[in-house]
Amino acid sequence: MGMKDWPRGEGPREKLLERGASVLSDAELLAVLLRNGLQGHSALDLARQLIIEFGGLRGLMSASKAHVCRLPGLGPVKYAQLQAAAELSRRLAAESLLRGQVLTSPDLTRHYLLSQLTDRGYEVFALLLLDSQHRLIQFVELFRGTIDAASVYPREVVALVLEKKAAAVILCHNHPSGVAEPSQADRRITERLKNALATIDVPVLDHMVVGDREIVSFAERGWIS
């Protein structure tokens with residue numbers, strides 16, 4: 001039986017409309033996105049199978065296109081729907097800060113960076129550009145791929161900071177391995193950028209390394225003064 005054939009009020013879509021999205025399970029929310037399953041299996045059956053296959057929603061949303069599309073009942077269209085939902089979630093988190101919240105709370109910064117950088121399948125080096133009141137001007141992804149001291153160019157960072165008229169910055173990058181412990185290369189990059197930005201009187205407030213639901217802060221470890 002497909003979801004469209006379920007008794008009124010029992011399907012995930014109907015539950016969402018009548019009672020709100022918060023009452024739905026992960027599988028039910030996923031079923032609403034998928035819309036339909038495959039022969040002999042409803043969208044909810046498919047959603048449950050996917051959660052098991054990938055070990056949860058995070059595993060599914062961060063899986064490669066090739067992995068997702070080779071599974072029965074899926075394909076490029078459903079993969080695109082899932083990726084769009086994940087990106088909307090990230091943009092919603094970004095929008096709340098772009099409306100002028102001040103990044104004075106380490107917890108607020110952590111929550112924001114986790115929403116932006118967790119579950120990326122590749123390494124991203126980014127900047128949080130702040131104004132003089134430490135309000136977020138922009139979150140900018142600078143580099144993707146394996147990050148080392150040779151791939152981060154201080155001149156480009158300085159030019160961007162000047163262009164956006166930022167008064168302070170927070171460096172950030174993720175470790176796709178899930179281990180947030182900074183490397184010696186991370187510390188060298190931080191020192192190079194800190195020295196470069198000091199020439200234009202823009203302080204580096206922190207460098208935050210994002211792992212699997214964990215963030216290591218250079219400032220908290222006393223590595224940035």
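Guide: Start with a cut-off: buried means under 20% relative accessible area, exposed over 50%, and partly exposed lies in between. The model is predicted.

Visitor: Why is E181 called partly exposed?

Guide: E181 has a relative accessible area of 42%.

Visitor: What makes the pair R221 and E181 a salt bridge?

Guide: The closest N and O atoms of R221 and E181 are 2.7 Å apart. The cut-off is 4 Å, so the pair qualifies. The pair links distant parts of the chain, 40 residues apart. R221 is in the segment after strand 5 (215-217), and E181 is in the loop between strand 3 and helix 9. R221 is partly exposed, at 37%.

Visitor: Why is H175 called buried?

Guide: Its relative accessible area is 14%. That is under 20%, so H175 counts as buried.

Visitor: How do you know that the side chain of H175 makes a polar contact with the side chain of D186?

Guide: The distance is 3.2 Å.

Visitor: What makes K15 and E28 a salt bridge?

Guide: Their side chains meet at 2.9 Å, N to O. That is within 4 Å, so the pair counts. K15 lies in helix 1 (residues 12-19) and E28 in helix 2 (residues 26-34), so the pair ties together parts that are 13 residues apart in sequence.

Visitor: Are K15 and E28 buried or exposed?

Guide: K15 is buried, at 14%. E28 counts as buried too, at 12% relative accessibility.

Visitor: How many disulfides does a search of the whole structure find?

Guide: The search finds 0. C69 is partly exposed at 23%, while C172 is buried at 0%.

Visitor: Which residues touch the most other members of the largest nonpolar core?

Guide: That core has 22 residues, and F125, L129, V161, V169, L171, L193 and L197 touch the most other members. Strand 1 (124-130) and helix 8 (154-164) are among the elements that each supply at least two residues. Apart from it lies another core, of 17 residues, including A31 and L50.

Note on methods: Residues numbered from 1 in each chain as written. Predicted model: local features only at pLDDT ≥ 70, side-chain atom pairs only at ≥ 80, totals over all residues. Heavy atoms only, no water. Buried < 20%, exposed > 50% of the residue type's maximum accessible area, 1.4 Å probe, protein only. Polar contact = N/O pair within 3.5 Å; in protein donor to acceptor, adjacent residues only side chain to side chain. Disulfide = S-S within 2.5 Å. Core = buried A, V, L, I, M, F, W, Y, C linked by side-chain atoms within 4.5 Å. Helix = DSSP H or I, 4+ residues; strand = E, 2+ residues; numbered from the N terminus.
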